[in-house]
Amino acid sequence: MANTLKERPVYRNIHISQILTYRLPLAGVVSILHRISGALLFLLLPFVVWLLDNSLTSEISFDRFASAFTSGIGVLPGGFIKLVCLGLIWAYLHHMIAGLRYLWMDVTHRMSKADGRISALITLALSLLLTVALGAKLFGLY
Amino acid sequence: MGSNLGSKRLVVGAHYGSRDWLSQRVTAALIALFTLVVLVQLLLPGEIGYVKWAGIFAPQWMKFLTLVVVVALGLHAWVGVRDIWMDYVKPAGVRLALQVFTIVWLVGCVGWAVQVIWRL
């Protein structure tokens, strides 16, 4: 009996190494990106508090905050700081919009495949569009 | 709760994670509300610079709200990051070390942020 059954892999959770090869529905993409963006925000939290500290404490520290984006921080160049901030902007937007999607699902109980797909599409489109808009501002395109 | 201690501790059953689940949603709503409050003030007419930015965080009610949100964010991140460790890291020793690191990281960041808000 055991020989006639095909051995199938069992995935209880999607492992980090499977993220790129696992074929996910759109709602699954939003879900794993929610986790990745959350982890990114957690890891960059000291940098965010550094930004808050320098932007708020005094006008002198505010200049240091502003110049981080042009002349960088220590050995890190300004362009790199801008890229990190672009990553932060995306992570915050995706995490918040995907989180609001979950709250909306909790409240409305609308969790059919079709609803999940549409709201996932809206989440991805909205977070990416806002990231592009704010990123263009960050890099001085307008 | 008294009959639930030691070897009688309830480790299975329904609603075992509902407190974490609920706290993550309540804190998320607070953080979203705070984001809106800051954004609206930032987009009010006037040049965006130090005076406007520091002015947003100057009123007592805003310091109160920011403190609540900073603590909420710490709790929110704790539940979320702990979920990640529980999903992917199985050896108890490594998981414990990562959870201790998470607490140190978050308490440090929350403390620093509180220092920033209240010395203004």
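D53(A) is buried, because its relative accessible area is 12% and buried means under 20%, exposed over 50%, and partly exposed in between (1.4 Å probe, protein chains only). This is a predicted model, in which local features need pLDDT of at least 70 and side-chain atom pairs count only at pLDDT 80 or more, while totals for chains, interfaces and linings use all residues. Residues are numbered from 1 along each chain as its sequence is written, chains are lettered from A and ligands numbered from 1 in the order in which they are written, and side-chain values use heavy atoms, with hydrogens and water left out.

The side chain of D53(A) meets that of R119(B) in a salt bridge, at 2.4 Å from N to O. This pair crosses between chains, from helix 2 (residues 45-56) of chain A to the segment after helix 4 (92-118) of chain B. Helices (H or I, at least four residues) and strands (E, at least two) are DSSP runs, numbered from the N terminus. R119(B) is partly exposed, with a relative accessible area of 41%. A salt bridge is a side-chain nitrogen of Lys or Arg within 4 Å of a carboxyl oxygen of Asp or Glu. Side chains of opposite charge can pair when their charged atoms come close. The whole structure holds 5 salt bridges over all chains.

Another of these salt bridges is between R35(A) and D87(B), at 2.7 Å from N to O. R35(A) lies in helix 1 of chain A and D87(B) in helix 3 of chain B, so this pair joins two chains. R35(A) counts as partly exposed at 24% relative accessibility, and D87(B) counts as partly exposed at 23%. D20(B) and R82(B) also meet in a salt bridge, at 2.7 Å from N to O. The pair links distant parts of the chain, with D20(B) in helix 1 and R82(B) in helix 3 of chain B, 62 residues apart.

Helix 1 of chain B (residues 18-43) has 26 residues and should span 38 Å at 1.5 Å a residue, which agrees with the 37 Å between its end C-alpha atoms. The expected span is 1.5 Å times one less than the number of residues. Its buried residues include I31(B), F34(B) and V38(B). The buried residues of this helix pack against helix 4 of chain A, and against helix 2 (50-56) and helix 3 (60-88) of chain B. Contact means heavy atoms within 4.5 Å.

F42(A) is in helix 1 (residues 26-43) of chain A. At 5% relative accessibility, F42(A) counts as buried. Not counting residues up to four places away in sequence, F42(A) touches V81(B), F101(B), T102(B), W105(B) and L106(B).

Next come the aromatic rings. Rings of Phe, Tyr and Trp (its six-membered ring) pair if their centres lie within 6.5 Å; planes under 30 degrees apart count as stacked, over 60 as edge-to-face and the rest as tilted. By this rule there are 8 aromatic pairs over all chains. The rings of F62(A) and F65(A) have centres 5.5 Å apart and planes at 45°, so this pair is tilted. Both residues lie in helix 3 (residues 59-67) of chain A, 3 residues apart, about one turn of the helix. F65(A) also pairs edge-to-face with F69(A), at 5.6 Å centre to centre and 85° between the planes. F65(A) and F69(A) are both buried. With Y50(B), the residues F62(A), F65(A) and F69(A) form one aromatic cluster.
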